[in-house]
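Hi,

Here is the structure I promised to pass on to you. Have a look at it first, and then read my notes below.

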Amino acid sequence: MSDGSGTVSGAGAAESAASDLPAPVLQPNQLEGFRIGVTSDRRSSDLIDAFERRGARVMHAPTLRIAHAEQDSPLLEDTRTMIAARPDILLATTGYGVRRWFEVAEADGIGSELTDALAEAIILVRGPKARGGIRATGLADSGMSDSETTASLVDKVLTEYPPGLVIGIQVHGATDEVQLDRLRAVHQRVLIVAPYRWIAVDDTDERVYKLVEAICARQLDCVTFTSAPAVHALFTAAEGMEVYPELLEALQTRVCAAAVGPVTSAPLIAAGITPIQPTRFRMGALIRLVCEHLERNMIERVETRNGLVQLRGSIAQIGDERVQLPPTALAILRTLVRARGAVVSRDDLTLALAGDSDDHAMEVSLSRLRQTLGVPGLVATVVKRGYRLNV
């Protein structure tokens, strides 16, 4: 978050506390220079297209992917069990899951039987997308959970309906056994259908490992998450690479974590990360929040004798001119910008570079920074002391 002086004092915060400034107008170039990681599989193109249209550079690395049951035979077997049982209550958790469930049933010729079996059931939905999926089948729901979570949906069943019923539940990619056990403890029978499940990406897919490396090196400004299992999968990858502490530090300080809703936020918060989260748990709201947060809180500014210098992700802007910087030059300039005209020693500039850098590497990077900026005198040398911006 911005501390009012143009520097960044944190990577994430609640949307309501983001800023008192008016919301920025969405513009084609408003994310130019910013680098965003996208961890989702399904609907990832929506996020990527939205960010790239606004000028961001996107690294796509799905930490999990959706897998359908082989030939759908397990799903069809569970569907026939559901039809025979004719449940008293059906819990629908995801719109995608409902749609796929009925599509598979229809393709197998039992779609009308499934609809008939559920016609008299009390149908409760986790959120608006699940409601839309149910209504698309010609059925109607009788209510929605209070907070769009599986736990609150189960709460609704346990508090509003008598025990001993037959409960059907369409589960999403990662089955929540805790909530299923709560239902099993009270009701006669709990039937499950799983139209899809989450599985880890193949070890040969190096995108996740590159994403972890980019986060640890602070080469991303924001990482988006649309499911809690995707967060856990990223953490698992970092643990396997033996950089889990470095990943947490980056997400706690410099790299903003953006989550689509409270369920997705939970494992981030448990790890000490403060994600940004829209008040409406929708993809469009997440996109807008990321745009607004990066513009409001992730641009570092300092006035110099050569004009206003701004760091927008990997781009340095001096006046109206924008220049793309390589990682080492960016690290040096960011350190100088945060010093706000104070002298930065050679040792501190060397430490700002990632990896096993030395004085020579720092000098080469500093020389390239000056050449790339093309603004004589902006980065001043202070003899025997170090370097500073000419403010």
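Glu-242 sits in the loop between helix 9 (228–240) and helix 10 (244–253). Keep in mind while you look that this is a predicted model. Is Glu-242 buried or exposed? It counts as exposed, because its relative accessible area is 68% and the cut-off for that word is over 50%. Its backbone is worth a look too: phi of Glu-242 is near 60°, a positive value in a residue that isn't glycine. Most residues other than glycine have a negative phi.

You'll find Arg-340 in the loop between helix 13 (327–339) and helix 14. With 34% relative accessibility, Arg-340 is partly exposed.

Five strands make an open sheet in the order 6-5-4-7-8, and the pairing is parallel. At the edges are strand 6 (143–144) and strand 8 (189–193), each of which pairs on one side only. Strand 7 (residues 166–170) runs parallel to strand 8, and five bridges join the two.

Another parallel pair is strand 10 (residues 222–225) with strand 11, joined by four bridges. There, Cys-222 has Cys-256 in strand 11 as its bridge partner. Which way do the side chains of strand 11 (residues 256–259) point? Cys-256 and Ala-258 point one way, Ala-257 and Ala-259 point the other way, and all are buried.

Arg-86 and Ile-167 are 81 residues apart along the chain, yet their C-alpha atoms are separated by 9.1 Å.

On to charges. How many salt bridges does the structure hold? There are 17. Here are some of them:

- Arg-131 pairs with Asp-141, with the closest N and O atoms 2.9 Å apart. Arg-131 is in helix 5 (residues 128–136) and Asp-141 in the loop between helix 5 and strand 6, so the pair ties together parts that are 10 residues apart in sequence. Arg-131 is partly exposed at 23%, whereas Asp-141 is buried at 13%.
- Glu-300 pairs with Arg-254, the closest N and O atoms being 3.1 Å apart. This one links distant parts of the chain, 46 residues apart: Glu-300 is in strand 12 (residues 299–304) and Arg-254 in the loop between helix 10 and strand 11. Both Glu-300 and Arg-254 are buried.
- Glu-363 pairs with Arg-346, and here the closest N and O atoms are 2.3 Å apart. Glu-363 belongs to helix 15 and Arg-346 to helix 14, 17 residues apart. Glu-363 is partly exposed at 33%, and Arg-346 is partly exposed at 28%.

Glu-300 and Arg-254 also belong to a network of salt bridges, together with Arg-35, Asp-221, Arg-334 and Arg-338.

Finally, turn to the surface. Asp-347, Asp-348, Asp-358 and Asp-359 gather there in a patch of negative charge. Asp-358 lies in the loop between helix 14 (346–352) and helix 15 (359–373), and it is partly exposed, with a relative accessible area of 43%.

Note on methods. Residues numbered from 1 in each chain as written. Predicted model: local features only at pLDDT ≥ 70, side-chain atom pairs only at ≥ 80, totals over all residues. Heavy atoms only, no water. Patch = residues over 30% accessible without salt bridge, like charges linked within 9 Å, V, L, I, M, F, W, Y side chains within 5 Å. Areas by Shrake-Rupley, 256 points an atom, 1.4 Å probe, with all protein chains shown as cover. Salt bridge = Lys/Arg side-chain N within 4 Å of Asp/Glu carboxyl O. Lys, Arg positive; Asp, Glu negative; His and termini not counted. Charge placed at Lys NZ, Arg CZ, Asp CG, Glu CD. Buried < 20%, exposed > 50% of the residue type's maximum accessible area, 1.4 Å probe, protein only. Pairing = 2+ DSSP bridges.
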